[in-house]
Amino acid sequence: MKKIALFGTGYVGLTTAACLAEMGYSVVGYDVNEAKIDQLRQGQIPFSEPELAPLVERNISAGRLAFTADCGDALNDAEMVFICVGTPTSPSGAADLSQVEAAVRLIARSATRSLIVVLKSTIPPGGSAEHFAEILTGELLPPLVAHIVVNPEFLREGSAVHDFFFPDRVVVGAWDRPAGEQVAALYSPLHCPVLLTDPATAQLTKYASNAFLAAKISFINEVGRIAEKVGANVYAVAQGMGLDERIGGDFLEAGLGYGGSCFPKDVKALAAIAERHGSPSALLRAVMEVNAGQRRLAAEKLHDALGGLGGKNVCVLGLAFKPDTDDVREAPALDVISMLCDRGATVRTYDPVAASRAQEVLPPHSRLHYCEDAYEAAKGSDAVFIATDWKQFRDLDWNRMGSLMKGKTILDSRGLISPLQMQEMGFRCLALSS
Ligand SMILES: NC(=O)c1ccc[n+]([C@@H]2O[C@H](COP(=O)([O-])OP(=O)(O)OC[C@H]3O[C@@H](n4cnc5c(N)ncnc54)[C@H](O)[C@@H]3O)[C@@H](O)[C@H]2O)c1
């Protein structure tokens, strides 16, 4: 049974570890966060991700999955080591590669056999993979060798386990073809297209994919603004566009825009790469500007509808950047909440799973209250603002919500509820675009 070590047990690392174990590989997850490793050893998942907990539990019990805070233990006998650590945005907008570099150095100093180092973290093309290869060559004890293989991850939080087992494609970039083929072979039971290429192409494929999806979202939001001016319905426009197979309907939902741990930082990083190489991207700048504008637009709409925000009560439903996750990194809701509080509103908010993570990120505010459920959040509110399209918000008893509210205004920034039905119940429905 091939032994695989995995550095970084966050959303990507833990999902990859559990899924590779489920495929029959022997996997050891290592993380610098010892508290996380303790939790994982007890079978507890440190974040919310559907289907992951039973997978982790089953594979620990079967002896195929283990966790350690000792990197020597993790590397012992491992033929491959996956690096799945974070690559957040640095102050310049470029990707901060310090976690990856630390992991590479740790591997170089602790390895006792030759191995393949698989970079699953999203790292920019244009020198970073080369830099990590140099570190490995410089610090590994001879005669050990390590081949770098870039294997970007495309899974989505909220459906990460499904996405691992049913990928649209796997991209593997390697200078050493046999090393690339060994990594590609891991995925052969998944029967998906595997693109074997050079590292820079694999890295750029990841950035270009995320930037393209983000651009689709900003594009339809821009169309939404035009639709409002000319009396068109952007949701019907999106439907009409999406039925064209060349365009496709995914990521054409007009609304509050993109957030999360990937799109914002990857678009920024790709723009920084373009700039660094003397080819600034006007398109990527526009994608980011339109996206930021949607958050300001939400606060403006509420301001205008309520005749100002000072002294007003707004119920914000949803904190996570999307449903089925507790990830609040770059979540649009958090920005809008800050804008509402700054402009004098009191905010009562509820999210099914993300409140405690939001409290770690949002500075405390005397007018910001976290509630136990949507009905409690709605009490006394002048308006409800739907920021995340959790299915359970659609299924709320909206008559009860209305009876608890002071006003009857709803801004649904995710197109979750039917404006016609809500109007019949006496609500005044706002949207970010018509
Ligand atoms: N989250 C997603 O949906 C997603 C999807 C595709 C790609 N990615 C990419 O995958 C990478 C990981 O993302 P994530 O969301 O899983 O990050 P995360 O922040 O959830 O997890 C990173 C983990 O790495 C650990 N770590 C940091 N330094 C380490 C080191 N030197 N050795 C071992 N562990 C270390 C941290 O303690 C943490 O547990 C990023 O590059 C991201 O862009 C993320």
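What percentage of the 434 residues of the protein count as buried? In this predicted model, the figure is 54%.

**The whole chain**

Begin with the entire protein in view, drawn as a cartoon. The fold comprises 18 helices and 14 strands. Its radius of gyration is 23 Å, close to the 22 Å given by the globule rule for 434 residues, so the protein is as compact as a globular protein of that length. Turned along its principal axes, the C-alpha trace spans about 75 × 50 × 40 Å.

Next, display the surface. The accessible area amounts to about 18600 Å², and carbon and sulfur atoms account for 53% of it. Colouring by charge shows 40 positive and 51 negative side chains, with the centres of the two sets 4 Å apart.

**Ser-381**

Return to the cartoon and select Ser-381. This residue sits in the loop that runs between α15 (374–378) and β12 (383–386). Is Ser-381 buried or exposed? Its relative accessibility is 1%, under the 20% limit, and Ser-381 therefore counts as buried.

Now show what surrounds Ser-381. Apart from neighbours within four places in sequence, Ser-381 is in contact with Asn-313, Val-314 and Cys-315, and also with Met-405, Lys-406 and Gly-407.

**The aromatic pairs**

Select the aromatic side chains next. Across the whole structure there are eight aromatic pairs. One of them joins Phe-164 and Phe-165: the ring centres are 5.3 Å apart and the planes stand at 80 degrees, so this pair is edge-to-face. Phe-164 counts as buried, at 4% relative accessibility.

Then move to Phe-251 and Phe-263. Their ring centres lie 6.1 Å apart with the planes at 40 degrees, so the pair is tilted. Which parts does this pair tie together? Phe-251 belongs to the loop between α10 (234–242) and α11 (263–276), while Phe-263 belongs to helix α11, so the pair connects parts 12 residues apart in sequence.

Finally, inspect the exposure of each partner. Phe-251 counts as partly exposed, with a relative accessibility of 28%. Phe-263 has a relative accessible area of 13% and is buried.

Technical notes:
Residues numbered from 1 in each chain as written. Predicted model: local features only at pLDDT ≥ 70, side-chain atom pairs only at ≥ 80, totals over all residues. Heavy atoms only, no water. Helix = DSSP H or I, 4+ residues; strand = E, 2+ residues; numbered from the N terminus. Rg over C-alpha atoms; globule rule 2.2 N^0.38 Å. Buried < 20%, exposed > 50% of the residue type's maximum accessible area, 1.4 Å probe, protein only. Areas by Shrake-Rupley, 256 points an atom, 1.4 Å probe, with all protein chains shown as cover. Lys, Arg positive; Asp, Glu negative; His and termini not counted. Charge placed at Lys NZ, Arg CZ, Asp CG, Glu CD. Contact = heavy atoms within 4.5 Å. Phe/Tyr/Trp six-rings, centres within 6.5 Å; stacked < 30°, edge-to-face > 60°.
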